[in-house]
Amino acid sequence: MEHYFIAVTIFCAIITRISCCDVVKLTFPSGFRVGTASASYQVEGAWNVSDKGENVWDWFTHNKPEIIADGSTGDVACDSYHKYEEDVQWVKNLGLDFYRFSVSWSRVLPNGFANEVSEDGLQYYKNLTQALIDNGIEPVVTIYHWDHPQILEDLGGWTNELMVEWYADYARVIFEELGPMVKTFITINEPKIYCEQGYNSTTKKAPGKTLENMGHYLCVHNSLKAHATAYHMYDDEFRATQQGQIGILTPCTGWVPGDNVTEESIEQHFQFDCGWIMHPIYVGDYPEIVKTRVANISALENYPFSRLPEFSQEWIEYINGTTDFFGLNHYTSSMPIFDTAEELGIYTRDSGIIKSTNSSWSTGSSSWLYVLPEGFGNLLRMIRDQYNNPPLYVFENGYSDTGELEDYERISYYYGYVSEMLAAINDDGCNVVAYTIWSLLDNFEWNAGYTELFGIISVDFNSSDRTRSAKLSTSWWQEVISTRTLQDVPSNSTRR
Ligand code: PNW
């Protein structure tokens, strides 16, 4: 009899523990913030209204349509330039805490330079910011999300060190004009992506240059300098009165276990992926392994210098410490293994890492987007350990399909990724303070055009009105946000 009671007691204890902790794990901590995001070129349209100047994406889509999967452009996109008030209502109805949008440089500075400021361009962003505030939504402003003025590109773009000053002049205008209303600024979205895909071995993204296997290093180098210059400017001239925070965003991919995935291969992958951008900011200078490998390989290739530029001691110190938070964009993972033959493509050759995948993994409509939530947890713990557990904002996470309204797969992706994140917070002490849904609306997905759609709200790109409608994920997120708790993935009998 006694045994029976003990057994029942233990059983009840286990059950209570499971149910108690499941609920805890699936609930956002108090004070945690949830928002959604977009980028100017992907949603605004109105590419030539008023005095707006041409930017690199206008030029690229108009002149290289063959590179865009469906030959499309962002000329109209979601027409958010005209429909921003409706967008704000969607954000409000979702119950979100913040909306992250980006400013189009050439809409504000039609010539690229700060000698002429567009009143209409500024007014648009002031109206959008005010509409958010009026509706109780915090505006989060990305100063630059890939669409710099074409004239600056004609002058060398991110490979020209003068871009650091041009960017800083532009940032000053944004701090002066929007700063009084904005508490969170992001200087630059993902140098890694536009530098690798716009200035190196592929022509996938604007400006579509192939620059001797070093364009991406030069581009990141100047982008980090530009970021740090804007950070110091904010610190010196605006922080005291505006009382905001400012940081940079980088995309980091995660990893999952597999054959030949070792602690060393994970570390090397991390440093070339995440550390390339964040090590200069959190620790100082590029990671040692990145400097050594690129220098050695450049020497083997007979360059008289490393293809990775060197920072002077002044710049190392100037860049170090220039972020108030770790801005993370995260989508996917791989099994990083050493490329022992060292004979694959350029990225592999410099990093010495192959990001291997498994054909059984499911993907979104973006071929690179493998759904591997556990990789997200691994990444969050690594960032905690490498950079002394900084406050971390997940500023993008999302899933692409082809625009289905019954987007069960998207909900299932969010369920998996958000529960991994909550476990990393609750069980492993990761200091994640905010999460951002990418994206509010289906939109122009860069070189994929409208063939890969990330929105939790559908946009009819065939209607001149760009009609918005709810998807299943709209109401799922609404419920998650109002309860502050993850909801089960709805079942679909016809689901694969
Ligand atoms: C982001 N990766 O880029 C951009 O900031 C968005 O503008 C874009 O729409 C979104 O992701 C979806 O593509 C990334 O391979 C592209 O890990 C690729 C990766 C990460 C971010």
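How many nonpolar, polar and charged residues does the lining of the largest cavity have? The lining of the largest cavity has seven nonpolar, four polar and two charged residues. The model is predicted. The protein chain holds 17 helices and 13 strands, and 58% of its 496 residues count as buried.

**Cavities**

- The count comes to three cavities of 30 Å³ or more.
- The largest cavity has a volume of about 70 Å³, and 13 residues line it.
- Val 43, Tyr 99, Phe 101, Tyr 124 and Leu 128 are the lining residues that lie nearest the centre of the largest cavity.
- At least two lining residues of the largest cavity come from each of helix H2 (40-43), helix H4 (80-94), strand E2 (98-102) and helix H6 (119-134).
- For the second largest cavity the volume is about 60 Å³.
- Residues lining the second largest cavity include Ser 40, Tyr 41, Glu 44, Trp 47, Lys 52, Asp 58, Arg 107 and Asp 147.
- By class, the lining of the second largest cavity divides into two nonpolar, five polar and five charged residues.

**Largest pocket**

- The largest pocket has a volume of about 1400 Å³.
- Its lining consists of 50 residues, and Lys 192, Ile 193, Glu 196, Gln 197 and Lys 355 lie nearest the centre of the pocket.
- Two or more lining residues of the largest pocket are given by each of helix H9 (191-199), helix H10 (215-242), helix H11 (263-282), strand E8 (333-338), helix H14 (346-351) and strand E9 (353-356).
- H14 contributes the largest share of this lining, five residues.
- The lining of the largest pocket has 19 nonpolar, 20 polar and 11 charged residues.

**Nonpolar cores**

- The largest nonpolar core has 140 residues.
- Trp 57, Trp 158, Tyr 167, Phe 175, Met 421, Tyr 435 and Trp 477 have the most contacts inside the largest core.
- Eight residues form a second, separate core, with Phe 98, Ile 186, Phe 395 and Ala 434 among them.

**Overall build**

- What radius of gyration does the protein chain have, and what would a compact globule have? The protein chain has 23 Å, which agrees with the value near 23 Å for a compact globule of 496 residues.
- Along the principal axes, the C-alpha atoms of the protein chain fill a box of roughly 85 × 55 × 50 Å.
- Of the contacts in the protein chain with a separation of 6 or more, 77% are between residues 24 or more positions apart.

**Pro 390**

- Pro 390 is placed in the loop between helix H15 (373-386) and strand E10 (392-396).
- Is Pro 390 buried or exposed? Pro 390 counts as buried because its relative accessibility is 7%, and the cut-off for buried is under 20%.
- Apart from its neighbours within four places in sequence, Pro 390 is in contact with Tyr 282, Phe 326, Ile 383 and Asn 431.

Technical notes:
Residues numbered from 1 in each chain as written. Predicted model: local features only at pLDDT ≥ 70, side-chain atom pairs only at ≥ 80, totals over all residues. Heavy atoms only, no water. 1 Å grid on protein atoms, 1.4 Å probe; cavity = no way out; pocket = protein on both sides within 12 Å on 5 of 7 lines; lining within 4 Å. Points joined across faces, edges and corners; volume = space filled by probe spheres on them. Helix = DSSP H or I, 4+ residues; strand = E, 2+ residues; numbered from the N terminus. Nonpolar A, V, L, I, M, F, W, Y, C, P; charged D, E, K, R; others polar. Core = buried A, V, L, I, M, F, W, Y, C linked by side-chain atoms within 4.5 Å. Buried < 20%, exposed > 50% of the residue type's maximum accessible area, 1.4 Å probe, protein only. Rg over C-alpha atoms; globule rule 2.2 N^0.38 Å. Contact = heavy atoms within 4.5 Å.
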